[in-house]
Amino acid sequence: MEEFGPADPAAPRCAAVRDGEDWLLTGTKAAVPTPFGASHVLVSAASPQGPGLFLLETSAAGASWERAETTSRDAAGHLTLDGARARALPDGALGTALRLARVSLAAVQVGVAEGALRMAADYLSGREQFGRPLATFQAAQHQLADCYIEIDALRVCLWHALSLVDAGEDAESAVLVAKWWSDEGGLNVVHRVQHLHGGIGVDVDYPVHRHFLWGKQISGTLGGASSDLDLLGAAL
């Protein structure tokens with residue numbers, strides 16, 4: 001659902017043209033997550049009837065893949081489409097998929113941020129400076145407290161969005177709030193945690209950098225904090 005360059009995922013530049021009962025897709029999708037081994041992928045594209053979601057075989061003629069590097073080190077691939085044949089999903093499928101994807105990203109970000117905070121608490125409790133554990137210094141405690149509060153806010157907004165989705169109610173605004181918190185609050189947490197680790201925070205032999213990289217990637221997926229705030233303003 002993502003493409004190169006700034007764009008709203010709900011308004012894809014990839015094009016779909018009807019061909020009998022199927023559709024032909026043309027365009028490029030960036031960093032499709034973990035497609036290798038999958039038989040099909042869901043692709044967003046714009047048709048004369050408006051944006052929609054299409055089911056495409058990964059090995060379809062006209063679909064070519066190129067491995068892509070991601071900050072989280074997950075396998076991803078750039079997908080180039082040149083008249084690849086696909087099937088259209090019902091109206092509203094793209095909006096539903098984006099809603100669920102945003103909630104899912106927020107849920108993963110809760111785990112990434114919690115894991116980062118736990119690493120920071122353990123590290124600061126065990127490392128001493130001036131004969132005292134670093135965790136006893138007020139400046140470090142304040143930063144850990146800020147992380148805890150932001151994670152709690154992220155979790156509350158996530159569960160609010162999930163409860164509305166599960167009840168079949170209008171969840172658009174709640175989902176965007178949860179995604180904004182995962183972009184803004186989640187990124188704040190992994191930034192602070194890396195800072196609290198000092199020089200070892202950027203050492204790739206120490207695992208805290210994985211939380212930072214994953215959190216940063218999530219914060220920019222399907223639009224970052226500013227983009228989600230713009231969408232939230234329009235929804236309100």
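Residues are numbered from 1 along each chain as its sequence is written, and side-chain values use heavy atoms, leaving out hydrogens and water. Because this is a predicted model, local features need pLDDT of at least 70 and side-chain atom pairs count only at pLDDT 80 or more, while totals for chains, interfaces and linings use all residues.

Let's start with the rings. A pair of aromatic rings is described by the distance of the centres and the angle of the planes. Rings of Phe, Tyr and Trp (its six-membered ring) pair if their centres lie within 6.5 Å; planes under 30 degrees apart are stacked, over 60 edge-to-face, and the rest tilted. Searching the whole structure gives 4 aromatic pairs. In one of them, the centres of W23 and F54 are 5.7 Å apart with planes at 65°, so this pair is edge-to-face. W23 belongs to strand β2 (residues 22-33) and F54 to strand β4 (residues 50-57), 31 residues apart, so the pair links distant parts of the chain. Strands are DSSP runs (E, at least two residues), as helices are (H or I, at least four), numbered from the N terminus.

Are these two buried or exposed? Buried means under 20% relative accessible area, exposed over 50%, partly exposed in between (1.4 Å probe, protein chains only). W23 is buried at 6%, and F54 is buried at 3%.

Now for helix α2 (residues 138-167). Its buried residues include L144, C147 and L158. The buried residues of α2 pack against α1 (93-126) and α3 (172-196), where contact means heavy atoms within 4.5 Å. Just after α2, G168 has a positive phi of about 75°.

Notes. The expected span of a helix is 1.5 Å times one less than its number of residues.
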